[in-house]
Amino acid sequence: METQKLIWPMKEIKFSFFATCMIVLLLINALVYAEGQTSGLIPVSDHDPVHSLGNGKMCIYEKGTDIVTAYTGPYSSPSFLKLEWMKDEKAALQSVRKPGTAIWSHTILMGNTETAELLDFVDSEIPCFVRRIQTKSRITFRMKLEKYVQAIDNSSRLNVSKAVNGRLLIVPPGTTIYQTYVYPRILYSQILTSGKAKIESVPGSGMIDIICEPGESDLYLIGGPEYPGVITNTWKILETSPETLLTRTNRYWENFTKSRKDFTGILPLAAPSRSKLLQTIDDVAVLLKTQQSIQGAVLAGYPYPLGYVRDQYGVSRGLLTLGLNAEAKSILNFYWQIWKKFGFIHNAQAIGIDGIFHIHENDEVESTGYLILQAFDLVNATHDVAFMVTIAPMLDWAFNSQKKWLVKDMLPFNGDETYVAGGMLPRSALNDGSAEATMLFVESGQKYLEWVSTQKRWTKEVIAENKALVARVKANFKNNFLHDNVLLTNNPERAKVADLPKFRHGVCEAAGPNCLMTKYQGIVWTERNENDRYVCANCISEGLLPRADPKAYNLLSVALAPFYMNFSIMPYDQLKPAVMEILNKKDEPRTVGYDYGFLLTALTKLGKPEASSVYDKTLSVLDQRGAWAEYYLNDQPYGTRCRPWESAINLEALIGWAMNANDSIYTLFHTAFNTNNYSSVGMLKLKLTIDTLQPVKYLDNRPLAKYRMDAEDVGVVLHYGNGPDSCDFQGAREAVGWLACLATSKDLVIWDKKGKILDFGKNGEPDQAAATSPWIIKEGNYWHMFYLGSPNATLAPDYIPAFPYLTLKAKSKEIYGPWTKQRNVIPFKPKENSFYSSTCSPGYIIKHNNEYLMYISTADFSIKRTICIARTPDLDGAWKIDSLPIVPPTEQIENSSVYYEEANQTWFLFTNHIGYDAHGEYTDAIWVYWSKDPEKWNPDNKAIVLDGTNCNWSHRCIGMPTVIKHQNRLALLYDAPGENSNSHMRRSIGLAFLKLPLVVPGTSH
């Protein structure tokens, strides 16, 4: 199989000093927009930024003062007019958006003199665009109407309460909305002016001039869309003062902005470019809201007045990041309403008009996976399980409709997939196996089948059958798409054996001179020729399109998708080389607009320091309206501007990185001397990397360890992701969704993974959500296991155990199992209003003075963690928890392992410490405490054993220690996510050693 590598990367991420200064200037002037210097009717340049105004019923796109696209309602309707300002050659324009709103003010300047002030907004209640005009001299706006528009002068019937001019605009039925999709009915709109403005037709053209004399004027564009609605809305506007319209619209936007997260109190103060990011958050929130219809769907941009499934997924993620949960829910409700009527969803659907679908090739793959993932994103954020249950029939369809397209455990490409639509992957490869579509099926299927099982929607037999199918596709994924450790984009082997359809609706591969796509300006039905190429009815008769050569492509950007989609099918470490190749590629000038966010997300999850530069780059390519474009050429936007999909993805990535990063710039005060011993205090700015920077204190001043007892790190010895039955695909610690698993080793370096040894409990049992973190001791002929159980966990995909953490028991004659859970043995439980009210989970066990001591982890609901001793004379009986922990809860420690050093009769307790900094709380180090008495411990006697300074592969997060004597050294096994990550998930197991005998720090014995 021939493999071809294509690269679709970021441009070189470097700034010169001059470029950096220019970015600062752009920041200062982010909302100021200056226009050109020629006379007459001057259209705004295609390179100028676009902003949107809308209320869910009407959406207007402007460049400066010019209306470039107007969807008067519904959002899927023909855009039949443009409005252009006829400028004087000396005129300039400044445009500013009121923060938190879609209310725009435009100031017209002649030299340094302000000559006019315009205020633009779409009313919050009525589909009506309002422009308030105050001018010192005549200004003219020219409205260009499409030739099919009929304009009726209805000024006389409207001129009742005030001097007004009006034109009723009529668009005939069958007018194109987009490509071959037409509006089925007559569409009505109304132009209205009052005050010093009048409407004049331009002779011999379909244009209208709106002439504003000195003074105050108002311009309205009113929608309906039906005739009764337009006329009713027109009279409402005539009866309502423009001040009232502005007041209620301002109130609407204030309420919207209050409903989203206030990042001024969330973003770390040290976050780089914090003020610009806060401005961008506001810009994008308004951008998304204005382009969201009352039906719920969000426009894909001004040329694309449809609701695209893939675009809606990214937008929904952005909305949830902003805390706009109701808006995110309404997107899924949009699809639910359509599905209830038609029983299917296509690549894109019309908004506000029933029965119009943008049908592409293979619409039942990829988009369907996005629908399921979007539903889980929503329920994870809102816990609205009732809504999930409501839309479950649609999700059933979304999962099941994909199965018939599986060939050799691969799904094909959706015809509107980015790499195909963007020309990076030939359309002849559509029926090849698609890595992304297959990953989407696996990831969405795993989540959905677990949920279906919990909800008991299907029979056990059907669930088991489908789980086996998903597991098989997942098991064969690497064989299908991994070649020489490289993730391939496609696999031609699928198309070779697939039963290819005779007809499909999509793009003609021939695109000949008389192609029907050109004639009808849209995608059409195509037919498969003798060479398995799909061509339109005309091109199939104009010569035989030759057979395409099967090729496997390696589009590096495909390696970014698993990071953004949170795919677990591919371990992140395996994708790291491709991510770094994208980062370092310098000769590709063109990129899609969301690659910035995808790359930043990948680097953030990998914990790579290069994420800082990509963060800066992502912010730098913003246009002056705070939006991202569809494409970039040499980091300059082109294609569609003001894009919801790209803007939502990039913003989510920026917030994700900024919430866990600081600029690492510190000021060093020093004394400087010259040759005459004259001294002065100076300042030196230093940038310290996360690898070298260590906190001098924690944010809440929790105690520090002043000693070190450094272990020598070996590195990772147990990588996650390759266990039997994918048991550890989420992490070596988080195996099978937080179930205890077994691995064996003869040397602590090479391990044989055996798989899970515990299962989840049944519904209602205390370990129905987690059965993990076991501690084992042998007594007589039995092995006794004490494990952490919980009835609660976070939602998919992580299923992190949630409070309460319980200690449960199992028993076996062999350490390998099988293990029998002892439901009648409850060692101990959390106690209300105590230091273990939320957690009392198991720990290391020793036998001391004729009883067993267990060093359990405890925490209250303020999440102060410590270790306490529980006691019992009988491992099958009840345990008694001491009234006080061994050290105060302010120590913030958990999960301990104990070793007794005979050489100096000292007990050493190794534990993971919980740190707290701008990244939040996480296990930042392994600490050790020492004592001569295993029941009495001094919190001052502690030292750091392993942290970011001496761990070879994980520089921020390290935890879960276990110690065991190995030959003449003490082995320390621990878990960590690697690099600069502090994630709970995808942790591997590392190994470090301490010399024996152990020596108390600061002593010689």
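Reader: What counts as buried, exposed or partly exposed here?
Author: Buried means under 20% relative accessible area, exposed means over 50%, and partly exposed lies in between (1.4 Å probe, protein chains only).

Reader: Where do the numbers come from?
Author: This is a predicted model, in which local features need pLDDT of at least 70 and side-chain atom pairs count only at pLDDT 80 or more, while totals for chains, interfaces and linings use all residues. Residues are numbered from 1 along each chain as its sequence is written, and side-chain values use heavy atoms, with hydrogens and water left out.

Reader: Cysteines, then. How many disulfides?
Author: The count is zero. A disulfide here is a pair of cysteine sulfur atoms within 2.5 Å. C515 is in no disulfide, and its nearest cysteine sulfur, in C536, is 3.9 Å away.

Reader: Is C515 buried or exposed?
Author: C515 counts as buried, because its relative accessibility is 2%.

Reader: How many residues of α6 are buried?
Author: 13 of the 13, so α6 is largely enclosed by the rest of the structure. G323 follows α6, with a positive phi near 80 degrees.

Reader: How many aromatic pairs?
Author: There are 36 in the whole structure. Rings of Phe, Tyr and Trp (its six-membered ring) pair if their centres lie within 6.5 Å; planes under 30 degrees apart are stacked, over 60 edge-to-face, and the rest tilted. F342 and F357 form an edge-to-face pair, 5.2 Å centre to centre with 85 degrees between the planes. That pair links distant parts of the chain: F342 is in helix α7 (residues 325-342) and F357 in strand β19 (residues 357-358), 15 residues apart.

Reader: Are F342 and F357 buried or partly exposed?
Author: F342 is partly exposed, at 31% relative accessibility. F357 is buried, at 11% relative accessible area. Another edge-to-face pair is F803 with Y805, at 5.1 Å centre to centre and 65 degrees between the planes.

Reader: Which residues form the aromatic cluster?
Author: Y313, Y370, Y564, Y594, F598 and W645 form one cluster.

Reader: Which charged residue sits over Y564?
Author: R317, with its charged end 3.9 Å from the ring centre. R504 lies over the face of Y534, at 3.7 Å from the ring centre. The rule wants NZ of Lys or CZ of Arg within 6 Å of the ring centre and within 35 degrees of the ring normal.

Reader: How many cavities of 30 Å³ or more?
Author: Five. A cavity is a set of points on a 1 Å grid over the protein atoms alone, where a 1.4 Å probe fits but cannot get out; lining residues have an atom within 4 Å of a point. The largest cavity holds about 90 Å³ of space.

Reader: What lines the largest cavity?
Author: The lining includes H51, R97, W104, D283 and C642. β2 (51-54) and α5 (274-290) are the elements that give two or more residues to it. The largest share, four residues, comes from α5.

Reader: What about phi at Q179?
Author: Phi of Q179 is positive, about 50 degrees, although Q179 is not a glycine. Q179 sits in the loop between β13 (175-178) and β14 (181-183). Most residues other than glycine have a negative phi.

Key:
1 Å grid on protein atoms, 1.4 Å probe; cavity = no way out; pocket = protein on both sides within 12 Å on 5 of 7 lines; lining within 4 Å. Points joined across faces, edges and corners; volume = space filled by probe spheres on them.
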